[in-house]
Amino acid sequence: MSKTQKIVVIDGQGGRIGSLLVARLKAETNGAEIGAVGTNSIATSSMIKAGADFGATGENPVIVHCRDADIIVGPIGIVVSDSLHGEITPAMAVAVGQSRAHKILLPINRCNNTVVGARDLPIPELIEATVKHILSIFG
């Protein structure tokens, strides 16, 4: 990566997907700033333990960190109001959707969101494909 990039990982519930992403990105992005924004404190804590450079919880941190992110990554539900079992507020979904950041959305076919045509891959394979894609952007 030529300049320091800000990658914001957004996750909810237990933060499993986010923590796996944070750990892999910290290991492979060579100096990118990896931020963890959880929709709840458990998700944030999980991502911080995985090595995030900073962490914050809730609606306002999602809005604030989407403003200057280079990449936003998380399950597809982060752009759908009321998804992740109601943890994504309308303001969160709008902040992600309106951000200038490159959005990388994992096709997690749960919570009444289905991406037709997307293969239903195990989480580790989705993480691998996501990290490879991010590396190719700034490679």
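**Exercise 1. Work out how many helices and strands the chain has, and what pattern they follow.**

Step 1: Count the elements. This is a predicted model, and its secondary structure comes to six helices and five strands.

Step 2: Now walk along the sequence. You'll pass through β-α-β-α-β-α-β-α-α-β-α.

**Exercise 2. Find the order of the strands in the sheet, and name the edge strands.**

Step 1: The five strands form an open sheet in the order β3-β2-β1-β4-β5, and the pairing is parallel.

Step 2: Look at the two ends of that order. β3 (54–57) and β5 (102–106) are the edge strands, as each pairs on one side only.

Step 3: Zoom in on one pair. Strand β2 (residues 33–38) runs parallel to β3, and four bridges join the two. For example, Ala-36 has Gly-55 in β3 as its bridge partner. As background, strands of a sheet pair through backbone hydrogen bonds, either parallel or antiparallel.

**Exercise 3. Describe how helices α3 and α6 sit against the sheet.**

Step 1: Start with α3 (residues 59–67). This helix lies across β1 (6–11), β2, β3 and β4 (71–75), and it runs at about 155 degrees to β1.

Step 2: Move on to α6 (residues 123–138). Helix α6 packs on the sheet and touches β1, β4 and β5, with its direction at about 165 degrees to that of β5.

**Exercise 4. Characterise the largest pocket: its volume and its lining.**

Step 1: Get the volume, which is about 250 Å³.

Step 2: Pick out the central residues. Of the 18 lining residues, Asp-11, Gln-13, Ile-17, Ile-108 and Arg-110 are the closest to the centre.

Step 3: Ask which elements contribute. α1 (16–28) and α4 (83–86) each supply at least two lining residues, and the largest share, three residues, comes from α4.

Step 4: Sort the lining by class. You get seven nonpolar, eight polar and three charged residues.

**Exercise 5. Compare the chain's radius of gyration with that of a compact globule.**

Step 1: For 139 residues, a compact globule would come out near 14 Å.

Step 2: The chain has 13 Å, so the two agree.

Step 3: Along the principal axes, the C-alpha atoms fill a box of roughly 40 × 35 × 30 Å.

Notes:
Residues numbered from 1 in each chain as written. Predicted model: local features only at pLDDT ≥ 70, side-chain atom pairs only at ≥ 80, totals over all residues. Heavy atoms only, no water. Pairing = 2+ DSSP bridges. Contact = heavy atoms within 4.5 Å. Axes fitted to C-alpha atoms, helices over the stretch in contact; angles between N-to-C directions. 1 Å grid on protein atoms, 1.4 Å probe; cavity = no way out; pocket = protein on both sides within 12 Å on 5 of 7 lines; lining within 4 Å. Points joined across faces, edges and corners; volume = space filled by probe spheres on them. Nonpolar A, V, L, I, M, F, W, Y, C, P; charged D, E, K, R; others polar. Rg over C-alpha atoms; globule rule 2.2 N^0.38 Å.
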